[in-house]
Amino acid sequence: MAEHEHVKVAVVGSGFGGLGAAVRLRREGITDFVVLERAGSVGGTWRDNSYPGCACDVPSHLYSFSFAPHPDWPRTFSGQPHIRAYLERVTDTFGLRPHLRFDSEVKRMTWDAEEFRWEIETVRGTLTADVVVSATGPLSDPKIPDIPGLDTFPGKVFHSARWDHDYDLTGKRVAMIGTGASAIQIVPSIQPKVGRLTLFQRTPAWVMPRVDREISGVERALHRALPVTAKLRRGVLWGIRELQVQAFTKHPGELGFVEQLAKRNMARAIKDPALRAKLTPDYRIGCKRILLSNSYYPALARPNVDVVAAGLSEVRGSTLVAADGSEAEVDAIVFGTGFHVTDMPIAERVVGADGRTLAETWKGGMEALRGASAAGFPNWMTIIGPNTGLGNSSMILMIESQLNYMADYLRQLRVLGGKVALDARPAAVAAWNERVQRRMERTVWNTGGCTSWYLDPSGRNTTVWPGTTAEFRRATRQVDLAEYTVLRPSAERSATAAPAQVGA
Ligand SMILES: Cc1cc2nc3c(=O)[nH]c(=O)nc-3n(C[C@H](O)[C@H](O)[C@H](O)COP(=O)(O)OP(=O)(O)OC[C@H]3O[C@@H](n4cnc5c(N)ncnc54)[C@H](O)[C@@H]3O)c2cc1C
């Protein structure tokens, strides 16, 4: 990092969010920016999750950037290597390499109210930026539960997002902890090779069939020759998911028939009534993410698999003890236990105008104006911030909406001119969140009778967007300056005798 380096914009993270921000900045004519990434390559989620069977669960033609269509997706739900390669290609196509700073983990970002800029400490040095776009990902810091005795385990332990490819599972006794989106992809991928697989299931998932198939050469050629056909395909995939939103957000009762389909999916593969009972959820479908798999249930029915219908509660050497008292001797433990979502670690590292960290500000729950701006953190915004997650569609749609908002935010700063910062008004943040939380009350995520990672420890849903992606697109088209305080440095204010808070 050059000494005293200053940039207009510092983007943190190089997953879909950070790379998308970089493309958008260049399109807005802004080239004075860097992308700070703690790892050694781009890709975020799709670099870190390389576990066997890892793939998207939203079809590839929708789970990709609208501005970077890829006619050659190999499958309807493409695998991690293809998605990672896609992001590498986006990086090259849009000339992002010169902006990337790898191995540059951000340790702290502090708003400098004198200089009107962010001071960003990274492991490689310090730089300053007028604006920070934080795209560190909602699912990027793996969570391993604090299990008593785990440190006494003599075997191999790893998290699904940090797969140890040097460790050969062949013939081993393996415990899979968790039954979320990663676990249901891992289980059928490793079951044929392991000696014994014990699945520790705290809560069973609803699993629907996955309409996964190879995209034929003819389809791909058509998409290459006539790009409008790929657009049409994307449009249909998007429209179907938009139509489902009402059931999730307003009429969870309508999801009952989907439960019947999921039960039929299970009954086809699981003939043992006792196992079926263990695997049948007791909450409304959709309350937790609906999982898609054709191979999960068949794998669980294999003779080398045990399903323990209780969470892991203790480890005694190589013996794993479940909450129901059952025990299993294993050689390796794979945690599919998710990520720090409502307690995202980056929040500890952002220090706002009053010297408080974002984590302190969010102690009562995460909240941000239009999912982007937190009060007291001028010229700082986040991509995939609070209440921008989706239960049923592509996060890329939400990211692109947030990029529209980011572009307008930067335009507004340019128009205002000089040393200037936008700080979300606490009242605007509160009003936005009240609206979001009011709409949340009827949703399946809040009423479906489950606890999920969508909810924070107080039971508030601070992660999911309770509407259609089109509604979010409209809400983030433009920055409403009335929702912000326009700040100027005090020296400039006294020189021009301007009011302390222009637009206040
Ligand atoms: C296994 C898996 C499958 C998924 N499948 C789907 C799917 O099918 N459809 C869907 O819509 N969503 C899916 N998701 C959600 C997915 O996370 C988002 O769709 C999207 O990839 C998030 O992009 P992002 O750029 O916001 O975050 P990430 O991809 O997580 O990227 C964040 C980046 O920030 C970097 N970073 C973090 N902290 C720092 C720091 N302090 N300093 C510097 N760099 C830092 C990280 O190293 C990372 O590269 C999936 C998630 C997982 C884990």
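A crossing of two helices is left-handed if the near helix is turned anticlockwise from the far one by less than a right angle, and right-handed if clockwise. I wanted that settled before opening my notes.

**Ground rules.** I'm working on a predicted model, where local features need pLDDT of at least 70, side-chain atom pairs count only at pLDDT 80 or more, and totals for chains, interfaces and linings use all residues. Residues are numbered from 1 along each chain as its sequence is written. My helices (H or I, at least four residues) and strands (E, at least two) are DSSP runs, numbered from the N terminus.

**Entry 1: helix 1 and helix 11.** I looked up helix 1 (residues 16–27) first. Its crossing with helix 11 is right-handed. Two packed helices are described by the angle between their axes and the distance between the axes. Here helix 1 and helix 11 (residues 395–416) pack at about 40°, and their axes are 10 Å apart. That makes helix 1 oblique to helix 11. For the wording, angles under 35 degrees count as roughly parallel, over 145 as roughly antiparallel, 65 to 115 as roughly perpendicular and the rest as oblique. Axes are lines fitted to C-alpha atoms, for helices over the stretch in contact, and angles run from 0 to 180 degrees between N-to-C directions.

Who meets whom? From helix 1 I noted F16, G17, G20, A21 and R24, and across from them in helix 11 sit I396, I399, E400, L403, M406 and A407. Contact here asks for C-beta atoms, placed from the backbone, within 7 Å. I sorted these residues into seven nonpolar, two polar and two charged. Ala, Val, Leu, Ile, Met, Phe, Trp, Tyr, Cys and Pro count as nonpolar, Asp, Glu, Lys and Arg as charged, and the others, Gly among them, as polar.

**Entry 2: the ligand.** How many residues surround the ligand? I get 32, and the closest are G13, G15, G17, G44 and G137. A residue is near if its C-beta atom, placed from the backbone, lies within 6 Å. Helix 1 turns up again, giving the shell its largest share, three residues. By class I find 15 nonpolar, 13 polar and four charged residues around the ligand.

Entry 3: I traced an open, parallel sheet of five strands in the order 7-16-8-9-12. Strand 7 (156–159) and strand 12 (305–308) are its edges, each pairing on one side only. From one strand to the next, the twist averages 15°. Strands pair if DSSP finds at least two bridges between them. Strand 9 (residues 196–200) has four bridges to strand 12, and I found F200 opposite V308 there. Helix 4 (residues 181–190) lies across strand 8 (173–177), strand 9 and strand 16 (332–335), at about 165° to strand 8.

Entry 4: Strand 4 (residues 106–112) and strand 5 (residues 117–122) pair antiparallel over six bridges, with R108 opposite E121. Their hairpin has four residues between the strands, and F116 takes a positive phi near 60°. Strand 4 also runs parallel to strand 17 (residues 350–351), joined by two bridges; M109 has V350 as its bridge partner.

Note on methods:
Two residues are in contact if their C-beta atoms, placed from the backbone, lie within 7 Å.
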